[in-house]
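Hi there,

Here is the structure I promised to hand over. Have a look at it first, and then read on for what turned up in it.

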Amino acid sequence: MTRRVYQVIFLASIIGFTILFAKEIKGVSNLFPHEDKVAHFGIYFILATAMDKAFKIPFVVQILLLTGYGTAIEFMQDTLPYRRASIADFIAGFLGAVSYFIIKLGFHLSSKQRNG
């Protein structure tokens, strides 16, 4: 896929996930403990993947941008009467984004070792 396609995917993801984070969730049954933390982890893993493929910017800048987005989302949720901010959600999101870059580094080092 081209960088432009990944940019569209990233933009659509940001819009979709922001709407999801702002939406009132009614009658949700817990499938397993801490499912919301797993969701935050997965969402930020996806955002980090899309951002990394969409833009040529250093991973540290990407982490800072995603951390800023996570902070903004938690502040937004704190202003909504049916949602609440959660430091645990923020941490789960941060760990999801960082995990993508750790895995990417692991693949990079592994392929370098095989080729080098």
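Of the 116 residues in the chain, 30% are buried, where buried means under 20% relative accessible area, exposed over 50% and partly exposed in between, using a 1.4 Å probe and protein chains only. Please keep in mind that this is a predicted model, in which local features need pLDDT of at least 70, side-chain atom pairs count only at pLDDT 80 or more, and totals for chains, interfaces and linings use all residues. Residues are numbered from 1 along each chain as its sequence is written, and side-chain values use heavy atoms, with hydrogens and water left out.

**The overall fold**

The chain has 4 helices and 0 strands, and its pattern along the sequence reads α-α-α-α. Helices (H or I, at least four residues) and strands (E, at least two) are DSSP runs, numbered from the N terminus. The C-alpha trace spans about 55 × 30 × 20 Å along its principal axes. Among contacts (heavy atoms within 4.5 Å) with a separation of 6 or more, 72% join residues 24 or more positions apart.

Helix α1 covers residues 3–22, and at 1.5 Å a residue its 20 residues should span 28 Å, which agrees with the 28 Å between its end C-alpha atoms. The expected span is 1.5 Å times one less than the number of residues. Tyr6, Phe10, Ser13, Ile14, Phe17 and Phe21 are the buried residues here. Seen down the axis of α1, the buried residues fall within an arc of 100°, so they line one face of the helix; the arc is that of the directions from the helix axis to the C-beta atoms. On the face of α1 turned away from the buried side sit the exposed residues Arg4, Val8, Leu11 and Ile19. The cover over the buried residues of α1 includes α2 (35–54) and α3.

Helix α2 also has 20 residues and reaches 28 Å from its first C-alpha to its last, close to the 28 Å expected. Its buried residues include His40, Ile43, Tyr44, Leu47 and Met51, and what covers the buried residues of α2 includes α1, α3 and α4.

Which side chain of opposite charge is nearest to buried Arg83? That is Asp89, 5.8 Å away, and Arg83 has no salt bridge, meaning a side-chain nitrogen of Lys or Arg within 4 Å of a carboxyl oxygen of Asp or Glu. For charge, Lys and Arg count as positive and Asp and Glu as negative, while His and the chain ends are not counted. Arg83 lies in the loop between α3 (59–79) and α4 (87–115). The side chain of Arg83 reaches the backbone oxygen of Phe21 at 2.9 Å and that of Lys23 at 2.8 Å. Beyond its neighbours within four places in sequence, Arg83 has contacts that include Leu20, Ile25 and Gln77.

Glu74, in helix α3, is likewise buried without a salt bridge, and its nearest side chain of opposite charge is Arg83, 7.1 Å away. Leaving aside neighbours within four places in sequence, Glu74 touches His40, Arg84, Ala85, Ser86, Asp89 and Phe90.

**One more residue**

Ile91 lies in helix α4 and is partly exposed, with a relative accessible area of 42%. From Arg4, Ile91 is 87 residues away in sequence and 30 Å away in space, C-alpha to C-alpha.

Best wishes

How values were computed: Polar contact = N/O pair within 3.5 Å; in protein donor to acceptor, adjacent residues only side chain to side chain.
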